[in-house]
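Please look at the fold before reading on.

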Amino acid sequence: MAELKTKENDASVEAFLEAVEHKKRREDALVIKEVFDRITSWPAKMWGASIVGYGSYDYKYPTGRTGTWMITGFSPRKTSLTLYIMPGFGRYEELMSRLGKYKTGKSCLYVNKLEDVDMEVLEELIKASVQHMVDNYHKDNPVCG
């Protein structure tokens with residue numbers, strides 16, 4: 001079985017964010033980092049070479065495969081700012097209806113620029129998703145904020 005390549009590491013979050021080539025994406029990433037810092041109170045950590053993650057939890061699939069993954073995080077990708085909302089979006093329909101312009105994947109929220117979304121709603125979404133993960137997967141780390 002292949003080992004997961006994206007793991008928490010000691011690379012510098014600040015150096016990674018400062019090296020983002022697209023100026024607007026870099027500025028948005030620095031803003032969103034402040035939001036995640038405040039909401040989670042956990043230190044930002046690099047996961048792989050391009051994801052800034054917060055917290056962690058252990059999982060086990062029915063197949064027996066296990067691993068550790070971040071509770072939430074973001075990545076300033078070339079095409080969009082990607083936010084990781086690990087519970088997915090089904091439970092947040094009301095918030096999503098008020099969020100603004102975005103796209104989603106299974107647990108990924110894709111935003112072209114922060115001006116496209118309502119920041120208060122985005123913060124509510126992040127808080128709710130982190131709280132869900134803490135309540136269900138990470139009971140040792142209460143969410144602050």
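## Basis

This is a predicted model, in which local features need pLDDT of at least 70, side-chain atom pairs count only at pLDDT 80 or more, and totals for chains, interfaces and linings use all residues. Residues are numbered from 1 along each chain as its sequence is written, and side-chain values use heavy atoms, without hydrogens and water.

## Sheet

Seven strands form an open sheet in the order 1-2-3-6-7-9-8, with antiparallel pairing. Strands are DSSP runs of E, at least two residues; helices are runs of H or I, at least four; both are numbered from the N terminus. Pairing requires at least two DSSP bridges.

Strand 6 (residues 72–76) pairs with strand 7 (residues 81–85) over five bridges, antiparallel. Thr 72 has Ile 85 of strand 7 as its bridge partner.

## Helix contact

Helix 2 (residues 23–40) and helix 4 (residues 119–137) have axes 10 Å apart and pack at an angle of about 45 degrees. Axes are lines fitted to C-alpha atoms, for helices over the stretch in contact; angles run from 0 to 180 degrees between N-to-C directions.

The contact (heavy atoms within 4.5 Å) includes Val 31, Ile 32 and Phe 36 of helix 2 and Leu 122, Ile 126 and Val 130 of helix 4.
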